[in-house]
Amino acid sequence: MKKKKLMLIEIEKIPEEIDTLQSKEVNSLEYVYLSKLYNEGNEQILIVTFYSLEEKNAVFRVFFNHKTFITEFLLPEHRWSESTLNTLIDCWHGSDVAIPTNQHTEKQIRKFFSSTDNSYEAMQKFQRDLRKAQMDRRHKRETDVIDEKMKPVGSLPKNFETWLNEVALNFSRYIYYKRKTNRIIKGYCTSCSGQVEFIITKETPQLNVRHNQPGKCPTCNKKVTFKAVGRTTRQYDTATAAYMQKTDTGFLIRYFSVQKKYHEHYWKPEFSFSELVRAFYDNNSVVRYEYTYFRNTHKIRWCYANNIYNLDVACLYTRNIQQVLADTDLKYSCIYELAKNTDKFNINRYIYAYRYYPAYEYLVKLRLYRLVAGNTSYSSNSNGYSLNGNGIQQVLGINRLQLKQMQRLNGSGNHLSLIKNAGDVGVSLKDAHLELFMKWRINHYRLASVLRYVTPKKIIKYINQNMAYWEKNKDKYSFQSPASDFVDHWDDYLQNCVLLGYDMKSSFILFPRDLKLRHDEVMNLVKAEKKELLDNAISSLFEPLYTHFYFAWRGMLIRPPTSADEIITEGHKLHHCVGTGSYIENMAKDRCYIFFIRNAKHPDKPFFTVAFQNGRVLQCRGKLNCAMTNEVKSFIKKWQKKIGGTAHEKQELFF
Ligand SMILES: [Zn+2]
């Protein structure tokens, strides 16, 4: 049908019946329609013109042939539309809204569509069927492409199910036990499918197992969890697993959801797995597919991913990795080593991270598996690494000894953060202490702050002495652990003690018998005389800092502030944040020092301000927070050289 020709067909006059129809029909009636047949060459066209009852005018007409239809709007302005009657006319009312003008129209329309329905329904059905056929064709074009992509995806290795069971679900092993007598426990191991029996003697009290206790199977020697028969009705374990496979243009990763259910019949668990995601890696692009409902249909099949499934952190099948990646840019990515040495990790994120930061290969080679898996799986690059750096010092910011500790412990990002925080205050934690602090989930920064005055061993002793009280009084709304709560309070208390000029070497001060009480006491003391205390603290720092850090070179000098007021004035004059309370307080608490750089000719005029912590320049800012000029940069370099490697120790003098 050609629009230009259709337009020229004369519009049918308003039928005379319109007035009578209006009066006798229901309120919802808005349109009446009139049909006409028109021959265009060999083609027969049905024209159905719709008249508005209210406006008494032809509003639009629909042209049908046996293949398609099109609507021409006549009012309020001329335009063409592909919409169906369903959308043009309120679809909920259907034939109540529009009716044929006369029997001739009714019969003509039915005959044209060879329909036994009423004329309005006949038009609607034709339009519906046509749209559905078009949609099916569109869908088929899409699914054909997807099916083609899936063709080369082969079968899984023969041992895959065994691998899922033994490796991906390696934690899903239980001994279901029954107590026969006081001394005899009989059980069934789901790992080796065998009976076990324990005879509890005075020498083997550990065999007197409890429900949910971890242990080992005496037969297969695998780690298991003990479950009392009758107390466990249902145990439902799930895992995600991944399998890599070569393709002509790269490789793909197939993701599986794996389930194992132990009900009353624990000796016969229900095991199942389904493949839900496929990610194709070609060159540098990744296209993901998911096994789910196709668009808005009820058909379940491979579709372009909508990110319905979250299976990214998965246990990766290792036997074929090296062969799959041999000819790709991931040849040296160490994915094999990482997969071999971690339970699960985010494979896609690791690939992505490796392509941007090849340093990850180096971290895997250093056997920092947990760190890499954790960092690429769960959090962004937030642990203060510099992945563009060279060498461990630059990349992780730790020294050789600290690295050895990370390797020994297969340390996570949390381990690293604790090691670094402790290192910043010159403390290297023993492995056992470090693990204990991790277990207690103590805020690393707070812990480091306490470590400036108390040894790790004494911290642990003091926490243990106080734990009972803090566990009992744990704040329900706090996300922290009781030990962390305790250390927070302790740190607050100690910092205030420093402000008050207390003797920080006295164990009477360091380990108060009632921390909560003393904490509140010193807090009130400090509140009452804060300004004076800060001023005193900063004034008393002037002399020792001046002796160690004063320096003059090429018309510039650097010196400490004489008072808290001087720091405030500096901040106001240079319009930067150094005058705010936290800088002054941190200096008064011996955490971070402020120094002034001045022009030697105008020694009292603010110029640049330095924040200095743990032997390092944290910041150096001038007017309006501007960065260092080249002259100031050289000056700072020279100054640092002069105070040199002893800077750290020098600061420690005042701890
Ligand atoms: Zn066993």
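Start by selecting Asn 212, in the loop between strand S9 (residues 194-199) and strand S10 (214-216). Its phi is near 70°, a positive value in a residue other than glycine. Most residues other than glycine have a negative phi, and most peptide bonds are trans. Asn 212 is exposed, with 12 other C-beta atoms within 10 Å. For burial, count other C-beta atoms within 10 Å of a residue's own, placed from the backbone: 20 or more is buried, 12 or fewer is exposed, and in between is partly exposed.

Some ground rules before moving on. This is a predicted model, where local features need pLDDT of at least 70, side-chain atom pairs count only at pLDDT 80 or more, and totals for chains, interfaces and linings use all residues. Residues are numbered from 1 along each chain as its sequence is written. Helices (H or I, at least four residues) and strands (E, at least two) are DSSP runs, numbered from the N terminus.

Now go back to strand S8 (residues 184-189). S8 runs antiparallel to strand S7 (residues 174-179), joined by five bridges, and Ile 175 stands opposite Cys 189. Six bridges join S8 to S9, also antiparallel, with Ile 185 opposite Phe 198. Four residues separate S8 and S9 in their hairpin, and Ser 193 in that turn has a positive phi of about 55°.

Next, colour helix H5 (residues 119-150). From first C-alpha to last, its 32 residues reach 46 Å, close to the 46 Å expected at 1.5 Å a residue (1.5 Å times one less than the number of residues). Ser 119, Tyr 120, Met 123, Phe 126 and Gln 127 are buried in H5. The buried residues of H5 pack against several elements, among them strand S4 (69-73) and helix H4 (103-112); contact means C-beta atoms, placed from the backbone, within 7 Å. The peptide bond from Leu 75 to Pro 76 is cis, with omega near -10°.

Leaving out residues up to four places away in sequence, Ile 335 touches Ile 321, Leu 325, Leu 330 and Tyr 350.

Last stop: the open antiparallel sheet, in the order S19-S20-S21-S22-S23. Strand S19 (551-553) and strand S23 (616-621) stand at the edges with a single partner strand each, so one side of each is left without a neighbour in the sheet. Inside the S20 and S21 pair, joined by four bridges, Ile 558 has Ile 597 as its bridge partner. Finish at Asn 614, in the loop between strand S22 (608-613) and S23. Asn 614 has a positive phi of about 50° although it is not a glycine, and counts as partly exposed, with 15 C-beta neighbours inside 10 Å.

Conventions. Two residues are in contact if their C-beta atoms, placed from the backbone, lie within 7 Å. Two strands pair if DSSP finds at least two bridges between them.
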